[in-house]
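Hi,

Here is the structure I promised to pass on.

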Amino acid sequence: MSEENYRIESDTIGPVKIPKDALWGPQTERSRNNFPSGELMPIQIIRAFLHLKKAAAESNVEVGDEPKEKGEAIEDAIDHLLALNDTDLRKDFPLHVLQTGSGTQSNMNVNEVVANLANKLHPGLGILPNDDVNRGQSSNDTYPTTMNIVAVEALDKLEPAIKHLIDELVVKEKKYWKTVKVGRTHLQDATPLTFGQELSGYISALKHDLSYIQELKPTLYELAIGGTAVGTGLNAAPGMTEKIAGKLSEVYGHEFKVKTNKFWGLAHHSGLDVVHGALKTLAADMFKIAQDVRMLASGPRAGYHELNIPANEPGSSIMPGKVNPTQAEAVTMAAAKVFGNDTTITFASSQGNFEMNVFKTVIIAAFLDSCDILTGTITGFADKMIHGLTVNEERMDELLENSLMTVTALSPHIGYHAAAKIAQTADKEGTTLKEAALKSGKVTEEQYDKWMDYMKMTNVDQSTPEE
């Protein structure tokens with residue numbers, strides 16, 4: 001860095017060379033050089049920090065703990081930063097997730113940028129990162145506060161994606177409610193059901209997953225702000241944190257609260273851990289659904305081929321005309337990442353040594369990654385696979401006619417063992433079930449035709465799609 005391209009500032013350790021036009025200060029610069037690995041701090045965290053710092057400045061002024069002119073200058077600087085698009089905002093927030101586990105350096109990155117910009121916009125006030133922007137706060141309570149805020153934001157984006165997939169599945173459920181097909185258990189033939197009934201199981205799974213998320217999400221409304229360094233609230237002005245919670249609730253549209261145990265809020269991340277468990281459950285169900293769809297669409301000539309999937313892109317660089325279940329593959333890969341993220345979050349949440357968990361930054365990065373990839377792949381699966389999905393009824397009929405497990409309908413009339421013998425004979429001799437049944441002498445053709453009613457076997461008239 002040539003001399004004309006940097007300035008020198010000092011922190012409590014000593015002087016630091018900082019790029020001349022950078023709004024950040026010495027602590028940010030140290031972290032930028034000391035921790036260059038891994039992904040950048042999520043921009044959502046930066047924006048949440050800015051909203052938190054603005055709420056803190058306003059609240060400190062209101063309770064008389066910050067001069068009005070300084071508070072307003074801080075608010076003005078933050079408004080300028082919040083107005084930037086993500087690309088422009090990122091320029092002054094260059095730090096990585098793999099830094100100190102408390103997120104101290106990102107907290108200071110925000111403090112330094114806001115202070116320097118406030119001083120540029122309002123010269124002469126001498127606004128300081130620690131004393132003014134960080135007044136009544138500590139990284140130990142601000143970072144976990146932003147963690148919960150951005151987690152709630154991410155869930156707000158995920159929930160509509162789940163609802164959208166449910167809606168697309170409901171369309172197909174209604175369309176194919178009475179389309180009979182062979183059922184399968186243990187990857188073997190089983191009794192018939194309708195494709196609509198099969199889809200209703202997927203829909204119910206997703207509705208349950210959505211309800212788990214919605215029921216657990218309020219635990220994230222509990223904010224750590226006001227705990228300061230170890231949970232005692234030292235240096236936080238009385239009444240400040242309640243005002244902060246109210247202001248953040250207005251910004252984000254959720255009822256955040258600060259009347260919670262701060263020792264827990266700083267040292268544990270139980271809420272994020274348990275909510276991510278619901279995301280893992282959603283990922284597991286999505287894996288199952290995507291796996292089923294791509295297997296039922298396998299072929300078209302050498303597989304099940306019960307389903308026809310949209311051709312979104314060429315499936316092979318060497319095999320012309322090949323169509324692959326790529327949206328299902330994206331879902332299953334996303335699920336694999338979510339499973340890994342859950343392991344990371346579970347382990348990291350266990351590392352709450354004494355008064356503070358020091359894995360905060362990796363916990364929230366993993367949580368946001370899960371929300372992001374689930375939101376994207378669920379939306380893609382709904383729009384680019386389920387929306388254009390159709391059934392191959394001829395193939396479904398063919399497989400159903402060749403199934404041996406429809407013999408179950410004969411059991412109440414001729415007994416389990418006699419029915420089993422008919423199925424085994426048909427399988428061994430390569431005949432149809434009807435031929436084996438008539439040959440057994442246990443069933444007449446009239447009886448067979450009466451009892452072998454595939455639609456009746458599904459009980460479809462007694463079961464209705466969920467509302």
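**Salt bridges and a charged patch**

Asp 65, Glu 66, Lys 70, Asp 132 and Arg 135 are joined up in a network of salt bridges (a salt bridge being a side-chain nitrogen of Lys or Arg within 4 Å of a carboxyl oxygen of Asp or Glu). The structure has 27 salt bridges.

Before you go on: this is a predicted model, where local features need pLDDT of at least 70 and side-chain atom pairs count only at pLDDT 80 or more, while totals for chains, interfaces and linings use all residues. Residues are numbered from 1 along each chain as its sequence is written, and side-chain values use heavy atoms, with hydrogens and water left out.

Glu 159 makes a salt bridge with Lys 217, with the closest N and O atoms 2.8 Å apart. Glu 159 sits in helix α7 (residues 139–175) and Lys 217 in the loop between α8 (195–216) and α9 (240–252), so the pair ties together parts 58 residues apart in sequence. Helices (H or I, at least four residues) and strands (E, at least two) are DSSP runs, numbered from the N terminus. Both Glu 159 and Lys 217 are buried (buried is under 20% relative accessible area, exposed over 50%, partly exposed in between; 1.4 Å probe, protein chains only).

Lys 181 and Glu 306 also form a salt bridge (2.8 Å, N to O). Lys 181 is in strand β3 (residues 180–185) and Glu 306 in the loop between α11 (270–296) and β5 (307–308), 125 residues apart. Lys 181 is buried at 0% relative accessible area, and Glu 306 is buried at 0% too.

Cheers
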